[in-house]
Amino acid sequence: MDEFLALSSLLTGLRLENLHPSSVEARMARDYLRLMKEQFGSGFESLMAIYRPLVGDPEALKALLRDPGFGAEPVQAAARQLVNLWLLSQYGVTSGKLPDQDAGFYEKGFVWPAIKAHPIGFSHLNYGYWSRKPELTEP
């Protein structure tokens, strides 16, 4: 699991280490790891094999992207899917198509806080919130 989280952090820029075992994020990680193994088997395993020798390397992302094995379509597809899972909780098993499968945590995707928005179709705000201008906050 630690390797998977470290690779996920490298590809997404998210801080995913030290997740509390009962947190939603830890459950997401377990489900995403299972999905990656089931849906993207050999491509995912190859991606992990390319990543393993790079653990701890400050230039790991650069080295990963430059590795000749990373150019293989199944490996690139697995890397894209891993990013899609964490940001949007979506994946797609058909190469060249947009993700079309819900991984179960759409409203918890990490893209929403990054863009300061709520997931489309989900909001904890009161009905009619859209009729008022949002309060602007400084970054």
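Which element of the chain has the lowest mean pLDDT, and which the highest? Color this predicted model by confidence and look at two places: strand 2 (residues 101–102) has the lowest mean, 64, while helix 3 has the highest, 94. Over the chain, the mean pLDDT is 83, with 88% of residues at 70 or more.

Next, select the largest nonpolar core, a set of 30 residues. Show side chains for Phe4, Leu7, Met36, Phe44, Leu47, Leu64 and Trp86, the members with the most contacts inside this core. Now bring up the elements that each give two or more residues to the core: helix 1 (2–12), helix 2 (24–51), helix 3 (60–66) and helix 4 (73–88). Helix 2 gives the largest share, with twelve residues.

Leaving aside residues up to four places away in sequence, Met36 touches Phe4, Gly41, Phe44, Ala78, Gln81, Leu82 and Leu85.

From there, move to helix 4. Its 16 residues reach 21 Å from first C-alpha to last, close to the 22 Å expected at 1.5 Å a residue. Select its buried residues: Val75, Ala77, Ala78, Ala79, Gln81, Leu82, Asn84, Leu85 and Trp86. What covers them?

For a last stop, step just past the end of helix 4 to Ser89, where phi is positive, at about 55°.

Definitions and conventions
Residues are numbered from 1 along each chain as its sequence is written. This is a predicted model: local features need pLDDT of at least 70, side-chain atom pairs count only at pLDDT 80 or more; totals for chains, interfaces and linings use all residues. Side-chain values use heavy atoms; hydrogens and water are left out. A nonpolar core is a set of buried Ala, Val, Leu, Ile, Met, Phe, Trp, Tyr and Cys residues joined through side-chain atoms within 4.5 Å. Buried means under 20% relative accessible area, exposed over 50%, partly exposed in between (1.4 Å probe, protein chains only). Helices (H or I, at least four residues) and strands (E, at least two) are DSSP runs, numbered from the N terminus. Contact means heavy atoms within 4.5 Å. pLDDT is the predictor's confidence in each residue, from 0 to 100. The expected span of a helix is 1.5 Å times one less than its number of residues.
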